[in-house]
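Keep the model open beside the text.

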Amino acid sequence: STPLYSSAASDVYKRQIYTNNTKERLVATLEAAFPVCKQVVGNDCFRAMAEEYALRHPSEDKSLYYYGAKFSQFTDLIIKTNDEFYNVAYLPDLALFEWKMYLSFFQKDRKAFDFGRFANLEKSQLSKIVFTLSPDIYLLETEFPVAIIWELHEINEPFKKAIIEKSKGYYLIERPLYKPTFTHLKRHEFDALTKIEEGLSLIHI
């Protein structure tokens, strides 16, 4: 008969393979969602961060669509507790920027605005109108102008030594066609769109 320890060892081996495969899937998911963060800190550093994130935030769902939702907060903790990251203090903002771009890509296609219906509204109805933003639209306020890093990544320019000083950034992230993009907003534009996002009627915007 087969010794009992062989069966136990086999079970341990299978669990180890499953654990390793799961970790690799989680790391790969984060690499796909945060490619610019990966370039900023380097492959080895990012992998170490991703593996630590996977330990602290095991997947609770078979779908990994929302798996990176807490990665920005995680990088913020790293920045605050590790002095060697002083020159990438913008990393949490960059991670949040990338996460919104990532989410935008997977949202449903937007529906065309019905200008004809809008034009036919009675004047008394206009003050009661409540607009909604398309599912692919995200508004983001950051402490650092992280779009600079994103833009350098898009044109494949080196940016590891880029000096990014604190300066508020306001962005509208959207996917009008096939690829997410962003628009720099002025503060009053950001505030107005935020009111729309909150569901305020036209008269209160």
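A hairpin of 6 residues links strand E2 to strand E3. The model is predicted. E2 covers residues 169-174, and E3 covers residues 181-184. The two run antiparallel and are joined by 4 bridges.

Tyrosine 138 has isoleucine 173 of E2 as its bridge partner. Leucine 140 is partnered by tyrosine 171, also in E2.

Put together, the 3 strands make an open sheet in the order E1-E2-E3, with antiparallel pairing. E1 and E3 are the edge strands, since each pairs on one side only. On average, neighbouring strands are turned by 30° against each other, ignoring direction. Two helices pack on this sheet. Helix H8, residues 147-154, touches E2 and E3, and its direction makes about 135° with that of E3. Helix H9, residues 187-197, touches E1, E2 and E3; its direction makes about 135° with that of E1.

Now look at E2 itself. Is this strand enclosed or open? A residue counts as buried when its relative accessible area is under 20%. By that cut-off 6 of the 6 residues of E2 are buried, so the strand is largely enclosed by the rest of the structure. In a regular strand, side chains alternate between the two faces of the sheet.

Step back to the whole chain. The protein holds 9 helices and 3 strands. Along the sequence they follow the pattern α-α-α-α-α-α-α-β-α-β-β-α. Of the 205 residues, 36% are buried. Take the contacts between residues at least 6 apart in sequence: 67% of them join residues at least 24 apart.

The surface comes next. The protein exposes about 13500 Å², with carbon and sulfur atoms supplying 55% of it. Part of the surface is a nonpolar patch made of Phe113, Phe115, Phe118, Leu126, Leu200, Leu202 and Ile205. Together these residues have about 570 Å² of accessible area. Phenylalanine 113 sits in the loop between helix H5 (91-106) and helix H6 (115-119). Its relative accessible area is 40%, so phenylalanine 113 is partly exposed.

Last, the charges. Side chains of opposite charge can pair when their charged atoms come close. The whole structure has 10 salt bridges. One of them joins glutamate 51 to lysine 23, at 4.0 Å from N to O. Glutamate 51 lies in helix H3 (residues 43-56) and lysine 23 in helix H1 (residues 4-33), so the pair ties together parts 28 residues apart in sequence. Both ends are partly exposed: glutamate 51 at 24% relative accessibility, lysine 23 at 30%. A network of salt bridges links Lys23, Glu24, Arg47 and Glu51.

Lysine 80 and aspartate 76 meet at 3.1 Å, N to O. Both lie in helix H4 (residues 71-81), 4 residues apart, about one turn of the helix. Lysine 80 is exposed at 64%, whereas aspartate 76 is partly exposed at 27%. Arginine 187 and aspartate 191 meet at 3.0 Å, N to O. These two are 4 residues apart in helix H9, so about one helical turn separates them.

Technical notes. Residues are numbered from 1 along each chain as its sequence is written. This is a predicted model: local features need pLDDT of at least 70, side-chain atom pairs count only at pLDDT 80 or more; totals for chains, interfaces and linings use all residues. Side-chain values use heavy atoms; hydrogens and water are left out. Buried means under 20% relative accessible area, exposed over 50%, partly exposed in between (1.4 Å probe, protein chains only). Two strands pair if DSSP finds at least two bridges between them. Contact means heavy atoms within 4.5 Å. Accessible areas come from the Shrake-Rupley method with a 1.4 Å probe; for residues, only the protein chains shown count as cover. Patches are made of residues with over 30% relative accessible area and no salt bridge: like charges are joined within 9 Å, nonpolar side chains (Val, Leu, Ile, Met, Phe, Trp, Tyr) within 5 Å. A salt bridge is a side-chain nitrogen of Lys or Arg within 4 Å of a carboxyl oxygen of Asp or Glu. Axes are lines fitted to C-alpha atoms, for helices over the stretch in contact, and angles run from 0 to 180 degrees between N-to-C directions.
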